[in-house]
Amino acid sequence: MRLKQSYYGWGLALLALTAARVLMGALVPLTPDEAYYRLWALAPAAGYLDHPPMVAVFIRLGLLLGGDTACGVRLMGPFSAAVGTVLLAMATRDWLQVLRGYAPDEAKRAGLRTAVLLNGTVVLGVGTLLMTPDTPLLLFMALMVWSLSRLCTTGKGAWWLVVGAAVGLGFDSKYTAVLPAAGMGIWLLLTSSGRQWLKTGWPWLGGLVAAVFVSSVVYWNATHHWASFMKQGGRTGDWHPAKMLTYFSELLGGQIGLASPGVFLFFVGGCVLLWKCRDSFSRLLLCMILVPLAVFLQHAVGARVQANWPVVLYPALTVAAALPLWRGWKAASGLGVTLVLLIVIQAVASPLKLSPHFDMTLRQMGGWPTFSREVVARVPANSLLIADEYGLAAELAFYAPLGKPVVAVEPRWDLFTFPAAPCGEGYLIRSRRRHDLPDGAFFKVLGQEPDIARARNGAVGETYAIYHVQMQCTAAGQSRNAVLLPTRN
């Protein structure tokens, strides 16, 4: 009875946390990438230059439910995190009870540890505040882990169909989903449990399901010069072995920060204990962790691993983190939640006056609504607002007053179905971080207005130049690589 009451309490806590995350998402201005992904949702496609389309699908659903607002853009994040939490808690419970011989109550407590530790990671806390491709990726990787736990604990081959769907949807979210899937492939080939499954038709049917889900993304790339695959695959061309120690330290520090220090210790402890386990799901989890980890470590030998790339490992890691029977799991999670709360407070109220170099919230989120209004007030009422940076253009399209036309100029926009921009004069807004002049292939500079700052509570996040320009025309009388962006309704 006491455990049942505890379950109800933790369930209510998850509901309250989800509601709080929805509220926080409504208060904090969109980052440039989020504003850019919103434009994806308004131009549905099977692929985009930077990533697969699932983040656009999530945003589209959020806009339908929550309106064209910051809350709408982010609405699916808190709910997907809640669903993923429940899936991983069930995966841990089933695994430990059926395959590891835990008593039912003990297995349920371990499931709770997984749920609490997952929500104590900074990456999930911030990831539910911001809508990025990592948001759907985490959900579908949680679905993959849960369906694999059902497969191993029930022995029913039909679960391979769910596994295939999870892998395919994960790939449609972010290409790094192939790494845990590759770990699963290693398990199928190298373990007796895996090879037994290969003698049946179920894994092959699961692979067919995954292929169906990824086919539209592959087709889009094939019909768009493999743009997205080339962009993401091009990262492997960076190679600076002399900076290896720097890259390794950044990788380690980034994961301690994104997991939060306490939860990171549980991740490490869980992996050590997982190595000693011999059941089929333990071997599978270990392969799904070690294969991606090996790829990231190899990449860090000569190139930077972005801090969010290993997020694809977190669902498997939080299940493994239930193994250490340490008393500090609540405190470890509480530290992570506290860190996320401090980030949100800084983003909303800015109690610490830091430079944008140290304050990511100022650099990414600070002052966009006020800045956009001030930009519009600076330029003639009937003029175009122009930006040749995709994030800046997307922010202006979201926050500029209704009816103000915003033009985005960059080759990437040729991949969208937005209407071509008219050829004429306008005002180009450009970050002062870019020390070069506007590209003469796109603009003829007619004059320059005083600079304008984007600030939050007196702290300047960035300074921008305002150029009066004539956009260069094509033979058809249209501006080159320029589109009119949809503004808010």
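Are Glu-34 and Arg-74 buried or exposed? In this predicted model, both Glu-34 and Arg-74 are buried. The legends below describe this pair and other close-up views.

**View 1. The salt bridge between Glu-34 and Arg-74.** The side chains of these two residues meet with an N to O distance of 2.7 Å.

**View 2. The salt bridge between Asp-134 and Lys-174.** Here the N to O distance is 2.8 Å. Asp-134 sits in helix 8, while Lys-174 is found in the loop between helix 9 (159–171) and helix 10 (178–190). The pair thus links distant parts of the chain, 40 residues apart. Asp-134 and Lys-174 are both buried.

**View 3. The salt bridge between Arg-304 and Glu-250.** The closest N and O atoms of this pair are 2.8 Å apart. Arg-304 is located in the loop between helix 16 and helix 17 (314–320), and Glu-250 in helix 14 (residues 244–259), so parts 54 residues apart in sequence are tied together. Arg-304 has a relative accessible area of 40% and is therefore partly exposed. Glu-250, at 33% relative accessibility, also counts as partly exposed.

**View 4. A network of salt bridges.** Through shared partners, salt bridges join Asp-388, Glu-389, Arg-430, Arg-433, Arg-434, Asp-436, Arg-454 and Glu-462 into one network. The count for the model comes to 18 salt bridges.

**View 5. The packing of helix 8 against helix 16.** The axes of helix 8 (residues 134–154) and helix 16 (residues 280–300) come within 9 Å and cross at roughly 155 degrees. Because of this angle, helix 8 is roughly antiparallel to helix 16. The crossing is right-handed. Helix 8 contributes Met-144, Val-145, Leu-148, Ser-149 and Cys-152 to the contact, and helix 16 contributes Ser-280, Phe-281, Leu-284, Leu-285 and Met-288. Of the residues in this contact, eight are nonpolar, two are polar and none is charged.

**View 6. The packing of helix 20 against helix 21.** Helix 20 (residues 368–378) and helix 21 (residues 390–399) pack with their axes 9 Å apart, at an angle of about 85 degrees. Helix 20 is therefore roughly perpendicular to helix 21. Trp-368, Pro-369, Phe-371 and Ser-372 of helix 20 meet Leu-392, Glu-395, Leu-396 and Tyr-399 of helix 21. This contact has six nonpolar residues, one polar residue and one charged residue.

Key
Residues numbered from 1 in each chain as written. Predicted model: local features only at pLDDT ≥ 70, side-chain atom pairs only at ≥ 80, totals over all residues. Heavy atoms only, no water. Axes fitted to C-alpha atoms, helices over the stretch in contact; angles between N-to-C directions. Helix = DSSP H or I, 4+ residues; strand = E, 2+ residues; numbered from the N terminus. Parallel < 35°, antiparallel > 145°, perpendicular 65-115°, else oblique. Left-handed = near helix turned anticlockwise from the far one by under 90°. Contact = heavy atoms within 4.5 Å. Nonpolar A, V, L, I, M, F, W, Y, C, P; charged D, E, K, R; others polar. Salt bridge = Lys/Arg side-chain N within 4 Å of Asp/Glu carboxyl O. Buried < 20%, exposed > 50% of the residue type's maximum accessible area, 1.4 Å probe, protein only.
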